[in-house]
Every structure is written in C-alpha cells, then in structure tokens.
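Me: Hey, I've got this one open and I'm new to it. Can you walk me through a bit of it?
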Amino acid sequence: MNQMLLETSEANSQTIDRPPAPAHPRFSKPQRVAFVQSSWHRAVVEECRIAFLQEIEARHIARAQIDLFEVPGSFEIPLHAQLLAKTRRYTAIVAAGLVVDGGIYRHEFVADTVIKALMDVQLRTEVPIFSAVLTPQQFHESAAHLDFFRKHFAIKGIEVAEACANTLLSLERLRGQVAAGIV
C-alpha cells in the first residue's frame, strides 16, 4: 500500500506544471533600503517587515543592504524617514505602521498627516518613500482581527517590496537616460 502511494505521488509530482519562478531584473548599481517600522502593534506590523525582506531578496536586493529602524508609532516615521533620506545613504525608504482608532484622537487625521509628511520628504529629497502605513476602518484587539491584520500586513509587505524594486529599477533607467542626455 505504501509503495503504491509513493508511486502515485511520484507520478503526480512529475505531471504538475508549475509556473517558473519569476525572473526579476537585476540592478546595475547597488541599492540600499531603510525599513522604518512602528512598534505600536508590533506583532501585526512585523509581518510586513518579514514578507518585505523575503520578497526584496527575491528581487535582487540582499538582506545585508536593508537597514531596519523601529520608532514608537507611525507619527514618528516621517521625521526618521527625512533624516535617513538626508544621509543620501539610501536609495529608498519603506515605512510600515498601523494607525488605529484609540478613541482619544481621530486616527484618520494621524494617518493622513503621516502619509502627507512622507510624500513631502520624498519630493524634497528625491529619495522614494513607500508606505505600508495602514488605517483600518475597524480594528479590535481580538484574536480574529489580529490574525486578519497579520495576514494583511504580510500581503502588504510583498506589495511594498514589489513597488520598491520596480520603482528603483525605473529610477535607475531614468537617471541613466538623464545622464546620457536622452531625456
């Protein structure tokens, strides 16, 4: 019986057509990325960081080229992003945080302020900044919500890594064209 299961399993594994692993383009210059994460709801937000690191490595930016920073909350991310951008050490900065309604202040105001500040930093410094700072309509510290948002942040980590790598590739090409006088 076990031999039959093994043979069936081997036969099935040979006939399954799996899509090839995506071939991501390589960078012509080294990239260095800062990942700034809020510690508020760390167990949820860290899922973004974990997924980001895995995906960005698949896109040819080594883990050693990613510097991790933690701040108390999302409100503190823009200042850190600005100081990091001013160092000119980073080709991109990624921000991750969870802004929830704490009942004392309007969480939409905080999230809006953070996103606008990140955009301002990006435009002033010309260092791209990517946001995985999320503001859910409903968040309760129940097991179901925590599990849902952990999974959601893992998806966002992959998405922000994809956006970061694609933007860096695009900017690398654009800057090369500008230097060559093409654009």
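Me: Which residue in strand 3 is the bridge partner of Val 33?
Reply: Ala 92 is the partner of Val 33. This is a predicted model, where local features need pLDDT of at least 70, side-chain atom pairs count only at pLDDT 80 or more, and totals for chains, interfaces and linings use all residues. Residues are numbered from 1 along each chain as its sequence is written, and side-chain values use heavy atoms, leaving out hydrogens and water.

Me: OK, how many bridges do strand 1 and strand 3 have?
Reply: Strand 1 (residues 33-38) pairs with strand 3 over 5 bridges, in the parallel sense. Strands here are DSSP runs of E with at least two residues, helices are H or I runs of at least four, and both are numbered from the N terminus. Pairing takes at least two DSSP bridges.

Me: And strand 4?
Reply: Strand 4 (residues 129-134) is also parallel to strand 3, with 6 bridges. There, Leu 134 sits opposite Leu 98.

Me: Why is strand 3 largely enclosed?
Reply: Because 7 of its 7 residues (92-98) are buried, meaning under 20% relative accessible area with a 1.4 Å probe, protein chains only. Ala 92, Val 94, Ala 96 and Leu 98 cover one side, with Ile 93, Ala 95 and Gly 97 on the other.

Me: Switching topic: which residues of helix 2 meet helix 5?
Reply: Among them are Ala 43, Cys 48 and Phe 52, and the helix 5 side includes Phe 149 and Ala 161. Contact means heavy atoms within 4.5 Å.

Note on methods
Buried means under 20% relative accessible area, exposed over 50%, partly exposed in between (1.4 Å probe, protein chains only).
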